[in-house]
Amino acid sequence: MTATLIDGKAFAAGLRERIAGHTAAMKERGITPGLAVVLVGEDPASQVYVRSKGKQTRETGMNSFEHRLPTDTPEAELLALIEQLNEDPSVNGILVQLPLPGHMDEAAVINAIRPEKDVDGFHILNVGRLATGQKSMVPCTPLGSLMLLRDHLGSLSGKSAVVIGRSNIVGKPMAQLLLRDSATVTIAHSRTQNLPDLCRGADILVAAVGRPHFVKGDWIKPGATVIDVGINRTDDGLVGDVDFAAASQVAGAITPVPGGVGPMTIACLLANTLTATARANGLPDPE
Ligand code: NDP
């Protein structure tokens, strides 16, 4: 292996420590940040995520509120809960764990969250604010990926970036963030032609595809920085979207799976909750 390993686990631990420090300082002023997580249904992966979100929220010193609803909950009931959380001053952040059961309109549910409390950054106003360069809540996984990129590369200005994946939760906001940092951004997806060649031109390659070992070693530009967002459960355990063994012989730096982007996501959720709390109390955004 020649690439530098980008240690998201260590970076996330440092970030959580900074958040805990800010939280302690806020508590001295009588403000305790609070994050409400809503889980509808029994999806096993979602249950794991919600548990670790609650645990890390409490470890940082914030209040964690968990709401579990049965799969067959009528949408109106979920919307009523969201409204209650919108109005609750002890709740600074609201996260509705996705995916929702099929009978619910995901967009309607997300857009019911007050944008200032939308710590996932999926509300249409936050999406629009990010796209137009206004202060917003930024989706956690792309935000965490950006932090790792900035930490490793410093300025991203003028760098050529390829993002594989155009989902609303990863690919599109990732591209927006890279653009905001003045990278030259290409978004690739399942209809993209000559993807390997496109990737070979990328100084920064972000893979958010959801296919194990999809990106091959010979797609990587020598010295490139590779961010592997993929989390794929296989017989060999958790693997990313990048063929790590091959890519790490060519890349300049690469995130492992697990231990790369994954730990950054919850840390950024806590960071967003802290930011939402600061804004709600007229304080500057925490650094
Ligand atoms: P989606 O399934 O919503 O999006 C996948 C994207 O990959 C789509 O845009 C799709 O294109 C594209 N794609 C699929 N096949 C190909 C192909 N053959 N060539 C090029 N592009 C292709 O996934 P998500 O964005 O939600 O997640 C992506 C990955 O990131 C998953 O592995 C997920 O588990 C992981 N993830 C990790 C998180 C973390 O905390 N680290 C958080 C969120 C997700 P098209 O639009 O044309 O269909």
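Colleague: Why does Glu106 count as partly exposed?

Modeller: In this predicted model, Glu106 has 15 C-beta neighbours inside 10 Å. A residue is buried at 20 or more and exposed at 12 or fewer, so Glu106 counts as partly exposed.

Colleague: Where is Glu106 found, and which residues does Glu106 touch, not counting residues up to four places away in sequence?

Modeller: Glu106 belongs to helix H4 (residues 106–112). With residues up to four places away in sequence not counted, Glu106 touches Leu98 and Leu100. Glu75 is 31 residues apart from Glu106 along the chain, and their C-alpha atoms are separated by 9.7 Å.

Colleague: What makes the buried residues of helix H5 line one face of the helix?

Modeller: In H5 (residues 124–131), Asn126, Val127 and Leu130 are buried. Seen down the axis of H5, these buried residues fall within an arc of 105 degrees, so they line one face of the helix. The buried residues of H5 pack against helix H7 (171–180). H5 is followed by Gly133, which has a positive phi, near 75 degrees.

Colleague: Why are helices H6 and H10 called roughly perpendicular?

Modeller: The axes of H6 (residues 140–153) and H10 (residues 261–280) cross at roughly 110 degrees and come within 8 Å. Angles of 65 to 115 degrees count as roughly perpendicular, and H6 and H10 are therefore described in that way. Residues of H6, including Cys140, Leu143 and Met147, meet residues of H10, among them Val261, Met264 and Cys268.

Colleague: What makes strands E1 and E6 the edges of the sheet?

Modeller: The open sheet has six strands in the order E1-E11-E8-E7-E5-E6, and the pairing is parallel. E1 (4–5) and E6 (184–188) each have a single partner strand, so one side of each is left without a neighbour in the sheet.

Colleague: Which residues does each UniProt domain annotation cover?

Modeller: In the unreviewed UniProt entry, the annotation "Tetrahydrofolate dehydrogenase/cyclohydrolase catalytic" covers residues 6–120. That span is 50% helix and 16% strand, with its end C-alpha atoms 24 Å apart. The annotation "Tetrahydrofolate dehydrogenase/cyclohydrolase NAD(P)-binding", also from an unreviewed entry, covers residues 139–279. Over residues 139–279 the chain is 38% helix and 18% strand, and the end C-alpha atoms are 17 Å apart.

Conventions. Residues numbered from 1 in each chain as written. Predicted model: local features only at pLDDT ≥ 70, side-chain atom pairs only at ≥ 80, totals over all residues. UniProt positions renumbered as here; feature names shortened; annotations may be inferred. Helix = DSSP H or I, 4+ residues; strand = E, 2+ residues; numbered from the N terminus. Arc of directions from axis to C-beta. Contact = placed C-beta atoms within 7 Å. Pairing = 2+ DSSP bridges. Axes fitted to C-alpha atoms, helices over the stretch in contact; angles between N-to-C directions. Parallel < 35°, antiparallel > 145°, perpendicular 65-115°, else oblique.
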